[in-house]
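Hello,

Here is the structure we talked about handing over. Please open it first, then read the notes below.

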Amino acid sequence: MTITASSASRAAEILSRPVALNGLTVPNRIVMAPMTRMFSPGGVPGEDVQAYYARRAAAGVGLILTEGTYVGHESAGQSDRVPRFHGEEQLAGWAKVAEAVHAAGGTIVPQLWHIGMVRKQGEPPFADAPAVGPSGLRVDGTEGTGRAMTRGDLDDVIGAFAEAAAAAERTGFDGVELHGAHGYLLDQFLWAGTNRRTDAYGGDHVDRTKFAAEIVAAVREVVSPDFPVIFRYSQWKQEVYDARLAETPEELEAVLAPLAAAGVDVFHASTRRYWQPEFEGSDLNLAGWTKKLTGRPTITVGSVGLDGDFLRAFAGEGAPVQGIDDLLDRLERDEFDLVAVGRALLQDPQWAAKVLSGRFDELKPYDPAALKTLS
Ligand SMILES: Cc1cc2nc3c(=O)[nH]c(=O)nc-3n(C[C@H](O)[C@H](O)[C@H](O)COP(=O)(O)O)c2cc1C
């Protein structure tokens with residue numbers, strides 16, 4: 001894929017259209033993908049985090065999905081530099097982030113996160129908290145030093161997500177995104193590889209979706225009816241990149257339908273390369289199938305504007321710029337509704353402004369050195 005002159009004029013036309021997500025109107029189709037940055041000591045996002053997000057809103061990102069932020073459950077995380085979405089000081093910090101993004105003309109949604117069995121006991125912010133998950137299995141299939149969740153644990157985590165969602169609305173955010181992707185807690189329930197439960201929360205695709213659907217329903221209950229609830233999910237898991245939740249569209253529907261029924265307004269289908277067809281016999285990518293199966297607006301993601309997927313970023317590698325003609329074609333066909341951009345926006349706060357004004361020649365390749373600062 002190369003950058004052509006036609007993509008310059010088409011980009012503004014296609015990406016600049018506003019879109020309604022429940023009660024929220026997003027001014028254009030460009031979304032900042034959630035990216036953990038670890039610049040929030042004590043779990044408190046400070047002025048540098050405010051400025052980081054506001055810079056991207058000012059340069060035309062329509063919707064910012066924040067980095068994953070821990071819900072108020074002691075086992076939710078394993079870093080004292082990842083922002084938390086509970087506690088007075090932490091929420092006061094977040095309120096200022098939302099205010100700064102709004103002042104810059106953008107919209108912003110926190111990504112609510114619980115890492116489940118990925119946690120290593122002994123790590124902050126709550127060193128004594130055990131790792132918990134559906135069956136006490138880590139994503140690589142080994143037994144961790146954690147435990148299978150009890151009824152009490154399930155209720156506590158459902159409550160923590162609901163409280164965080166209520167706090168998001170109260171502190172001025174425009175919606176919430178539930179992190180149900182990449183092998184973290186909600187995904188550990190969705191995926192047969194980590195969910196071996198024999199109670200109502202394990203079994204077939206619908207049974208395994210029950211926990212996430214109950215979280216969605218609990219969130220829906222505490223926020224206003226028009227407050228958007230986004231659900232991010234993926235086939236792939238951290239460390240198990242060829243894992244699949246669903247081998248067929250029918251299996252995918254069994255996962256997505258209960259979530260939609262519970263109150264998801266928008267699905268965010270996380271893939272590493274947006275142009276890859278998800279199932280044989282169709283060009284549709286995962287977001288395309290999600291939209292077709294649920295009728296809900298969807299967000300696509302994965303190597304937008306870059307040649308080389310983000311695993312290379314974790315391996316410390318860069319990625320050259322790539323054109324977006326194919327992406328624009330798919331948006332024009334309404335295969336999906338919004339486009340999340342990760343590394344390209346991490347690298348360059350001006351990415352959206354450049355794309356919306358056709359300045360493709362000014363786009364920068366991704367350099368992993370960008371991870372070191374919050375510029
Ligand atoms: C540094 C970094 C941190 C990330 N942190 C998160 C995260 O907190 N939550 C999440 O859902 N995805 C996370 N991701 C995945 C991105 O949201 C995105 O899906 C991925 O980078 C692919 O998009 P890209 O090819 O445009 O970078 C992260 C990716 C990177 C590079």
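**Cavity, pockets and helix contacts**

One cavity of 30 Å³ or more turns up when the whole structure is searched. Please keep in mind that this is a predicted model. The largest cavity holds about 30 Å³ of space. Its lining is made by Y70, V71, H73, E74, A76, G77, R84, H86, P125 and F126. By class, that lining of the largest cavity has five nonpolar, three polar and two charged residues.

Next, the open pockets.

The largest pocket has a volume of about 1,000 Å³. Its lining takes in 45 residues. Nearest the centre of the largest pocket are T36, Y184, Q238, F310 and F314. Which elements each supply at least two residues of this lining? They are β4 (63-70), β5 (107-113), β8 (176-182), β9 (229-237), α9 (311-314) and α11 (343-347). Helix α11 gives the most, with three residues. Sorted by class, the lining of the largest pocket has 24 nonpolar, 14 polar and seven charged residues.

The second largest pocket has a volume of about 250 Å³. It is lined by 13 residues, and Q235, R244, T271, Q276 and E278 are the closest to its centre. The lining of the second largest pocket divides into four nonpolar, four polar and five charged residues.

Now the helix pairs. There are notes on α2 with α3, α4 with α6, and α7 with α8.

**α2 and α3**

Helix α2 covers residues 47-58, and helix α3 covers residues 88-103. Their axes come within 8 Å and cross at roughly 25°. Angles under 35 degrees count as roughly parallel, so α2 is roughly parallel to α3. The crossing of this pair is right-handed. On the α2 side, the residues that meet α3 are V49, Q50, Y53, A54 and A57. On the α3 side they are K96, V97, A100 and V101. The contact of α2 with α3 has seven nonpolar residues, one polar and one charged.

**α4 and α6**

Helix α4 runs over residues 151-170, and helix α6 over residues 205-222. They pack at an angle of about 40°, with axes 8 Å apart. The classes in the contact of α4 with α6 are twelve nonpolar, no polar and three charged residues.

**α7 and α8**

Helix α7 spans residues 249-262, and helix α8 spans residues 286-294. The axes come within 10 Å and cross at roughly 65°. Angles of 65 to 115 degrees count as roughly perpendicular, and α7 and α8 are therefore roughly perpendicular to each other. Helix α7 passes α8 in a right-handed crossing. P249, L252, E253 and L256 of α7 make the contact with L286, W289, T290, L293 and T294 of α8. The contact of α7 with α8 has six nonpolar, two polar and one charged residue by class.

Best wishes

Note on methods
Residues numbered from 1 in each chain as written. Predicted model: local features only at pLDDT ≥ 70, side-chain atom pairs only at ≥ 80, totals over all residues. Heavy atoms only, no water. Axes fitted to C-alpha atoms, helices over the stretch in contact; angles between N-to-C directions. Helix = DSSP H or I, 4+ residues; strand = E, 2+ residues; numbered from the N terminus. Nonpolar A, V, L, I, M, F, W, Y, C, P; charged D, E, K, R; others polar. 1 Å grid on protein atoms, 1.4 Å probe; cavity = no way out; pocket = protein on both sides within 12 Å on 5 of 7 lines; lining within 4 Å. Points joined across faces, edges and corners; volume = space filled by probe spheres on them. Parallel < 35°, antiparallel > 145°, perpendicular 65-115°, else oblique. Left-handed = near helix turned anticlockwise from the far one by under 90°. Contact = heavy atoms within 4.5 Å.
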